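User: Hey, I've got a protein open here and I'm kind of lost. Can you walk me through a few spots in it?
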Amino acid sequence: MGKKVKEDKKPPPDDVFDAISVESRQAGTVVLMLSSPEEDVQSKACEAIYKFVDKCDENKKQLLDLGAGEALLKLMQSEDRIVRRNACMALGVMTANPDVRKFLRKREESVPAFIQLLAPEEDTVVHEFAALGISNMATEFSSKASIFESGGVDALVKCLSSSDPDVQKNSVEALAQMLLDYQSRAAIRDADGLNPLLEMLKSEFSIIQKLSLLALDRASQDSENRSTLRDLEAMTVLVDFVAHPEWNDLHVMAVMVLSNLLEDLESLELVKETGGLKRLVALITDQVPPEEEPKAGTGKGEKKAGSRAAKKSAKGSKKEESEKDEPPPGEAIIPTLPDVKMCAAKAIARSARSAENRKILHEQEAEKMLIHLLNHESTDVQTAAAQALGIMSENLLSKDSIREWEGLQPLIKLCNSDNGDVKESVTLALANLTTGNSSNCKEVSNLNGTETLIHLLADPRDEAVANTCCVLTNMATEEVLRSEAQGKGIVTALLEPLKSKNTRVQAKSSLAVAAYVCDVDSRSEFRNAGGIENMVQLLHSGNDEVRRNAAWALAVCAVDEPTAIEICKLGGMDLLQEIQVSGTRKNPFAEVALERLLDANLSAKYALTGQLSSTNVIEDGFYDAGQIRPNTKFMSIEDYCKQQLNDKRPVLFINAKADPVTTQSSSTQEMEAKESSKTNVSGKSSRTGREGKGPTSPGRRRTSMIPDDNDRKSKQKEKEEKQREEELQAQLQKEAEALATSENQPFNPPTDSNLLKYLEEVTERILPLATAAEQVRALAQFVADKMGGPIEKGQLPNFSWELPLSQVKFELKSNVIPIGKIKAGIHIHRALLFKALADRIALPCTLTRGEYNRAWNEVMLPETPEQPGGQKFPPRSFIVDLIHQPGGIMRSDSPEAVTYKKL
């Protein structure tokens with residue numbers, strides 16, 4: 001052993017304080033140590049604070065209250081690397097607390113201090129916690145602006161290339177937060193940050209892959225970023241990513257990025273050329289990708305499994321042995337998750353919003369994938385696939401392709417689903433598929449879809465009902481399908497949707513009613529089921545589309561006279577008039593409905609418009625109640641007949657029918673008279689027969705017959721009194737029965753026997769005339785003769801017509817006067833009679849009401865008599881003179897005609 005050498009220990013200088021080790025268990029003491037001028041003390045204090053705040057969130061708040069935030073912020077800018085590192089670690093962890101972030105937002109130097117620590121010369125640990133602090137700060141938009149202005153995006157992008165996964169994770173998370181701001185999306189493109197994000201998809205850490213996909217999803221919402229990603233072949237990278245089954249929990253996010261990229265036509269064309277779209281479709285539908293089909297026994301799953309085994313073999317023999325024990329995945333395709341399929345269908349739907357994109361997707365047979373997804377067990381997948389098919393079906397070629405690829409059958413099958421979202425999306429797809437495509441309509445019927453759709457009208461889901469109404473309306477364009485649906489009860493089934501509170505259901509069901517209630521039987525069925533009342537109620541709607549469609553449905557229904565009368569009774573005409581008067585609710589559909597309604601009710605049309613065209617044929621039951629104001633309710637002839645006699649203008653009535661009540665009563669009276677005559681004759685004969693029997697001597701007759709005559713007379717009186725009482729009771733009973741039957745019987749309007757005679761005369765004398773001009777002249781003279789003859793010009797005020805009219809009113813005890821009862825009439829009476837008679841002999845003419853009891857008829861006649869072989873000119877309009885020179889005609893624009901029409 002060597003000789004020990006004595007160590008030469010020099011004592012410390014006298015002016016140096018001896019080092020001491022202090023143990024502190026109070027956070028406040030450690031915070032005070034941050035203010036120490038010694039860097040070693042600062043470093044250890046920061047390290048202690050880091051460990052303390054990393055334990056729980058309450059510790060972060062406690063240190064902030066003790067003033068640690070201000071001190072740490074200063075130490076982050078220290079010249080000592082260790083102090084900077086430890087201070088950054090402590091403050092970076094503290095930024096997870098919202099109060100700390102609020103404190104830092106008030107310090108302008110906080111964000112630049114964090115960004116400065118991302119410089120390349122700093123340690124990896126500093127980068128990690130500085131990125132963590134920025135990531136936490138970027139959750140508020142005010143901090144995003146500060147980070148962007150301080151150049152934080154460029155610094156974060158540079159950190160993406162770090163070899164430390166924690167740095168990558170915090171940096172990409174911070175970028176994902178920043179990309180919520182549109183300015184950062186342009187900044188990351190300028191900083192060439194998109195390529196590193198794509199490279200990080202290959203990371204072995206799933207959290208980094210997830211955050212990278214999130215950042216790409218937000219970055220790809222910018223069109224220029226999508227162009228850059230196309231140049232970087234991002235579509236291929238993402239499709240390859242989806243092809244890895246071990247990353248199936250991230251496939252949804254990858255498909256979301258693809259969805260953004262597929263919005264651009266250029267992206268679709270690129271993925272079409274590279275075959276990426278077909279590969280994606282194969283992956284989503286769990287089929288072998290096209291490029292891998294020729295390789296027997298080496299499916300997609302086998303390749304992936306092989307690469308996994310190669311990676312794992314480098315880690316140890318045990319993992320390799322366990323990999324060998326697993327069944328070879330190449331034997332079966334590994335299915336993608338339902339969420340991935342749903343997102344893929346939504347991606348197709350999103351891309352298909354553009355017509356050009358739909359064309360490319362159709363060329364790539366994207367519809368096949370969507371039809372395949374309809375058979376998936378997940379309702380979310382079914383809903384997304386049906387929605388995508390509905391959008392794709394806006395392409396005309398896609399409609400036929402979906403039918404040819406048997407896509408309608410699963411859609412109709414899903415109409416019976418218990419899920420409301422499925423039914424809604426499926427009916428929407430069917431509505432688009434059947435629009436303007438009769439082949440699809442027929443195919444739906446062949447697949448027994450009509451009954452299913454009718455059943456759906458009672459579904460509680462409003463949107464599903466509205467879409468179903470659209471499908472049925474589209475199918476109604478084919479007469480065979482319309483008749484089939486009517487036979488299955490669609491008319492009554494449409495009543496329930498009409499009662500819905502949803503305006504879209506009301507509008508679509510009204511259109512369906514207009515499509516199916518188009519013949520006499522269906523209108524009668526709809527009217528008897530109470531559907532007219534529901535349609536009239538929809539006119540009150542504040543929704544423009546509902547009012548328009550309801551008016552159109554009423555226009556279709558009003559073709560039928562009974563239906564038109566029902567509409568008028570329910571106030572439909574008044575509502576349509578209100579709509580037409582309104583400046584905001586007025587629409588052409590209401591105008592058409594009102595015209596149809598008035599054409600079916602000529603009395604109302606003449607009262608409201610004062611005009612009947614040559615095509616408006618007056619029939620029995622027409623009445624002229626005079627011009628009524630727009631807001632006045634139009635009354636029926638029954639209402640006018642029930643009114644008490646008044647001094648108002650009489651209602652002129654046209655009815656050439658025999659009164660059934662009068663004929664019935666007269667026939668019963670005749671039968672009673674015959675029966676009574678028979679009983680009287682038989683009674684006399686019986687009495688005379690009894691008296692003639694048993695001849696007796698005169699003497700005996702005198703003596704024996706005196707008391708018998710008295711008895712016989714008294715008995716006869718009793719019988720007669722009894723018979724009178726019975727007849728009186730029978731008569732009273734008959735009157736009571738007649739009164740009861742009259743109350744139960746429908747209203748019978750007054751008849752006009754004189755008008756019936758006029759018709760017979762006109763048919764016999766005027767109808768056989770050769771030309772229309774001769775018929776007009778003869779009919780005009782006939783009307784004038786029946787109405788008091790010609791009146792000289794200027795003598796009209798002296799013509800007595802009011803008193804005879806009042807006498808007729810008094811005789812009839814009614815305000816309703818049949819036109820044939822009038823023997824002295826002026827313009828309004830003669831013009832109405834002329835129109836009524838002309839319509840019966842098919843002589844076209846109009847009826848127009850003027851002012852001050854003026855009315856006139858216009859006829860279309862050739863201006864010169866037609867000659868055989870001569871030139872033919874179009875007919876002109878003439879006014880028929882019924883007053884001054886009956887039978888004369890005047891050109892409508894002549895001064896004589898103007899004078900005739902005015903007072």
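User: Let's start with serine 398. What is it in contact with, leaving aside its neighbours within four places in sequence?

Analyst: Serine 398 is in contact with His362, Glu367, Met392 and Ser393. Keep in mind that we're looking at a predicted model.

User: Where does serine 398 lie?

Analyst: You'll find serine 398 in helix 26, which covers residues 396–404.

User: And is serine 398 buried or exposed?

Analyst: Buried. Its relative accessibility is 0%, and the cut-off for buried is under 20%.

User: Okay, how about lysine 605? Where's that one?

Analyst: Lysine 605 sits in helix 42, residues 602–609. Its relative accessible area is 15%, so lysine 605 counts as buried too.

User: What does lysine 605 touch, skipping neighbours within four places in sequence?

Analyst: Its contacts are Leu598, Asp599, Gly610, Gln611, Leu612 and Asn616. As for glutamate 595, that residue is 10 residues away from lysine 605 along the chain, and their C-alpha atoms are separated by 8.2 Å.

User: Switching to valine 271. Which helix is it in?

Analyst: Helix 18, made of residues 265–274. Valine 271 has 3% relative accessibility, so it counts as buried. Not counting residues up to four places away in sequence, valine 271 touches Met235, Leu262, Gly276 and Leu277.

User: How far is valine 271 from valine 239, going by C-alpha atoms?

Analyst: The separation is 9.9 Å, with the two valines 32 residues apart along the chain.

User: Let's zoom out. How many helices and strands are there in the protein?

Analyst: The count is 50 helices and 9 strands. The protein has 903 residues, and 46% of them count as buried. If you take contacts between residues at least 6 apart in sequence, 67% join residues at least 24 apart.

User: At what angle do helix 22 and helix 25 pack?

Analyst: About 15°, and their axes are 8 Å apart. Helix 22 is residues 338–351 and helix 25 is residues 379–392. Angles under 35 degrees count as roughly parallel, so that's the label for helix 22 and helix 25.

User: Which residues make that contact?

Analyst: On helix 22 they are Pro338, Lys341, Met342, Ala345, Lys346 and Ala349. On helix 25 they are Asp380, Val381, Ala384, Ala385, Ala388 and Ile391. The crossing of helix 22 and helix 25 is left-handed, by the way.

User: Now helix 49. Why is it described as largely enclosed by the rest of the structure?

Analyst: Because 13 of its 14 residues are buried. Helix 49 runs over residues 827–840 and reaches 20 Å from its first C-alpha to its last, close to the 20 Å expected at 1.5 Å a residue.

User: What follows helix 49?

Analyst: Alanine 842 does, and its phi is positive, near 60°.

User: What holds paired strands together in general?

Analyst: Strands of a sheet pair through backbone hydrogen bonds, either parallel or antiparallel.

User: Over how many bridges do strand 5 and strand 6 pair?

Analyst: They pair over 2 bridges, in the antiparallel sense, and strand 5 is residues 847–849. If you want to look at a bridge, find threonine 848: its partner in strand 6 is tryptophan 856.

Methods
Residues are numbered from 1 along each chain as its sequence is written. This is a predicted model: local features need pLDDT of at least 70, side-chain atom pairs count only at pLDDT 80 or more; totals for chains, interfaces and linings use all residues. Side-chain values use heavy atoms; hydrogens and water are left out. Two strands pair if DSSP finds at least two bridges between them. Helices (H or I, at least four residues) and strands (E, at least two) are DSSP runs, numbered from the N terminus. The expected span of a helix is 1.5 Å times one less than its number of residues. Buried means under 20% relative accessible area, exposed over 50%, partly exposed in between (1.4 Å probe, protein chains only). Axes are lines fitted to C-alpha atoms, for helices over the stretch in contact, and angles run from 0 to 180 degrees between N-to-C directions. Angles under 35 degrees count as roughly parallel, over 145 as roughly antiparallel, 65 to 115 as roughly perpendicular and the rest as oblique. A crossing is left-handed if the near helix is turned anticlockwise from the far one by less than a right angle, and right-handed if clockwise. Contact means heavy atoms within 4.5 Å.
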